[in-house]
Amino acid sequence: MHRIVYLERESIRAEVRRPAFAHEWTEYARTTAAQLEERLAGASIAIVNKLPISGALMARLPQLKMVAVAATGTNNVDLEAARRQGIVVSNIQGYAVHTVPEHVFSLLLALSRNLLAYRQSVAEGRWQRAEQFCFFDHPIRDLHGATLGVVGGGSLGQGVVRLAQAFGMKVLQAERKGAAMVRPGYTAFATVLAEADALSLHCPLTAETRHLIGAAELQAMKPSALLINTARGGLVDEAALARALRQGWIAGAGFDVLTAEPPTDDHPLLSPDLLAAPNFLLTPHVAWASAPAMQALADQLIDNLEAFARGAMTPGAANRVA
């Protein structure tokens, strides 16, 4: 019988069915890093979302056979250590192919059409004092005909590409930064930075992609460009972005992720002037969190556990990452 411990149940709002195999189920609404070892003692399957699962921790849990990550990103798990110790690690894939691209375009549309600035102007009485039926205080740009740079060719990036094409945008799929060759269908990273009217990030956070966008890259973008990040906060040097927004290196940014989550009050992107600025939108890592997407995640999570229990979570299986 498997002992399953779900460590972060409140990280999703969905019905989580119980697996169709003999098991003991324990769940906690939230768990701190300090509580991990105690709560996982004797567990054969751990369900986590963002908690750090280190190689040292796994070595102290001899009964642990599977770490089921209730998310796509697995940078919180030491995958190499899991492989060495024979622990299967699974993730969730494809559940957010509609909700994340829709959030990307919510940010793009709000920024391109200056919705926050116009809303604030109306709240301040500007429309009521206008001398004609409308006013043009804030520039409005169409997505149609604009160039969108997409960094990351996975399911979420491709979902954004499909919506961009429906809007009539020109899409540039960025080659890896520093790549010696540009693959067919891709555009050199530097060219994408220079030509994109908006840049949307959809790659995982790795040692190679950390601070993929820093001061040099922000200054290489058009002053009229927008930067959208719904992937991982660490992809962008956030202090450099704060400077870029204040100094006008780029026109605006829409973010759903930060390097540390939850952030501290002194985070560079949480300063009052930026949060009040109409050209910066920050949402609390909810691009993935539509009700249908969360239910799809919960269903796939249990599918992964059941596949493991029947011996189908073998190397090469779709949702196995280690």
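## Asn 114 and its surroundings

In this predicted model, Asn 114 touches His 138 and Pro 139, leaving aside residues up to four places away in sequence; contact means heavy atoms within 4.5 Å. Asn 114 sits in the loop between H4 and helix H5 (115–123). Helices (H or I, at least four residues) and strands (E, at least two) are DSSP runs, numbered from the N terminus.

The phi of Asn 114 is near 55°, a positive value in a residue other than glycine. Is Asn 114 buried or exposed? Asn 114 is buried, with a relative accessible area of 14%. Buried means under 20% relative accessible area, exposed over 50%, and partly exposed in between, with a 1.4 Å probe and protein chains only.

## Basis of the model

This is a predicted model, in which local features need pLDDT of at least 70 and side-chain atom pairs count only at pLDDT 80 or more, while totals for chains, interfaces and linings use all residues. Residues are numbered from 1 along each chain as its sequence is written, and side-chain values use heavy atoms, with hydrogens and water left out.

## The parallel sheet

Six strands make up an open sheet with parallel pairing, in the order E7-E6-E8-E9-E10-E11. Two strands pair if DSSP finds at least two bridges between them. At the edges are strand E7 (170–173) and strand E11 (280–282), each of which pairs on one side only. Neighbouring strands of this sheet are turned by 15° against each other on average, direction ignored. Axes are lines fitted to C-alpha atoms, for helices over the stretch in contact, and angles run from 0 to 180 degrees between N-to-C directions.

Within the sheet, strand E8 (residues 198–201) and strand E9 (residues 226–229) pair in the parallel sense over four bridges. Leu 199 stands opposite Leu 227 in E9.

## A helix across the sheet

Helix H4 (residues 99–112) lies across strand E6 (147–151), E8, E9, strand E10 (252–255) and E11. The helix H4 runs at about 155° to E9.

## Two further loop residues

His 285 is in the loop between E11 and helix H11 (291–309). Although His 285 is not a glycine, it has a positive phi of about 55°. His 285 is buried, with a relative accessible area of 18%.

Pro 262 lies in the loop between E10 and helix H10 (272–275). The peptide bond from Glu 261 to Pro 262 is cis, with omega near -5°.
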